Amino acid sequence: MKATVMMMLMAISPAGASRVIVKDEATLMYDASDVGGFNNYGGCFEADDTYVTDCLFKSNYVGYFLTREPKTATGSCSDFGYDTEVKNDVWDGGKFFWSKKKAGGVSFEEWKEKFYSIHP
């Protein structure tokens, strides 16, 4: 049964994303690369596993496509170097964190202003 569940989860995850799930811990979607994502994206989403699997992976195109090495894991975004929780107006089922280090020294507000000025 456990192998079947893992195979189903991998089947619905985007190509290239790997998953490790431990019950009763938050699941996060983050960029495992040391340098952060494309366009200096430095975001990490944290929520319960169902929300990450059924909502974020299926509909968070900005957060997924801007990562260099998209991964999911259990724990907290802070465990992976994302040190600032930022206001999240879109994903009400979880928390959004930002790593200024992964974003090349750019705060989320600075990144968001620049990114959305050229991607309305």
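Student: In what order do the elements of the protein chain run from the N terminus on?

Tutor: They go α-β-β-α-α-β-β-β-α, which gives four helices and five strands. Those are DSSP runs numbered from the N terminus, with helices being H or I of at least four residues and strands being E of at least two. Keep in mind that this is a predicted model, where local features need pLDDT of at least 70 and side-chain atom pairs count only at pLDDT 80 or more, while totals for chains, interfaces and linings use all residues. Residues are numbered from 1 along each chain as its sequence is written, and side-chain values use heavy atoms, with hydrogens and water left out.

Student: How do I read the sheet, and what is the order of its five strands?

Tutor: In general, strands of a sheet pair through backbone hydrogen bonds, either parallel or antiparallel. Here the open sheet has the order 3-1-2-5-4, and the pairing is antiparallel. Strand 3 (70–74) and strand 4 are the edge strands, each pairing on one side only. From one strand to the next, the twist averages 30 degrees.

Student: Which residues stand opposite each other, say Cys 44 in strand 2 and its partner in strand 5?

Tutor: Two strands pair if DSSP finds at least two bridges between them. Strand 2 (residues 43–47) and strand 5 (residues 94–98) are joined by five bridges, and Cys 44 faces Phe 97 there. On to strand 4 (residues 84–86): three bridges link it to strand 5, with Val 86 opposite Phe 96. Then strand 1 (residues 27–31) meets strand 3 over five bridges, where Met 29 has Thr 72 as its bridge partner.

Student: Where does helix 2 lie relative to the strands?

Tutor: Helix 2 lies across strand 1, strand 2, strand 3 and strand 5, at about 130 degrees to strand 2. For such angles, axes are lines fitted to C-alpha atoms, for helices over the stretch in contact (heavy atoms within 4.5 Å), and the angles run from 0 to 180 degrees between N-to-C directions. In helix 2 (residues 49–59), Tyr 51, Val 52, Thr 53, Leu 56 and Phe 57 are buried. Buried means under 20% relative accessible area, exposed over 50%, and partly exposed in between, using a 1.4 Å probe and protein chains only. Across the 120 residues of the protein chain, 41% are buried.

Student: What caps the N-terminal end of helix 2?

Tutor: Asp 48 does, with a side-chain oxygen 3.1 Å from the backbone nitrogen of Thr 50. Over in helix 4 (residues 108–118) sits Glu 110, which is partly exposed at 45% relative accessible area. A polar atom of the Glu 110 side chain lies 2.8 Å from the backbone nitrogen of Ser 107.

Student: How many aromatic pairs are found in the whole structure?

Tutor: There are 12. Phe, Tyr and Trp rings (the six-membered one for Trp) pair if their centres lie within 6.5 Å; planes under 30 degrees apart are stacked, over 60 edge-to-face, the rest tilted. Phe 45 and Phe 96 make a tilted pair, 4.7 Å centre to centre with 45 degrees between the planes. Phe 45 is in strand 2 and Phe 96 in strand 5, so this pair ties together parts 51 residues apart in sequence. Both Phe 45 and Phe 96 are buried.

Student: Why does the pair Phe 108 and Trp 111 count as stacked?

Tutor: Their ring centres are 6.2 Å apart and their planes sit at 25 degrees, so the pair is stacked. An α-helix has 3.6 residues a turn, so residues three or four places apart point the same way. Phe 108 and Trp 111 are three residues apart in helix 4, about one turn, and both are buried. One aromatic cluster includes Phe 45, Phe 96, Phe 108 and Trp 111.

Key:
Polar contact = N/O pair within 3.5 Å; in protein donor to acceptor, adjacent residues only side chain to side chain.
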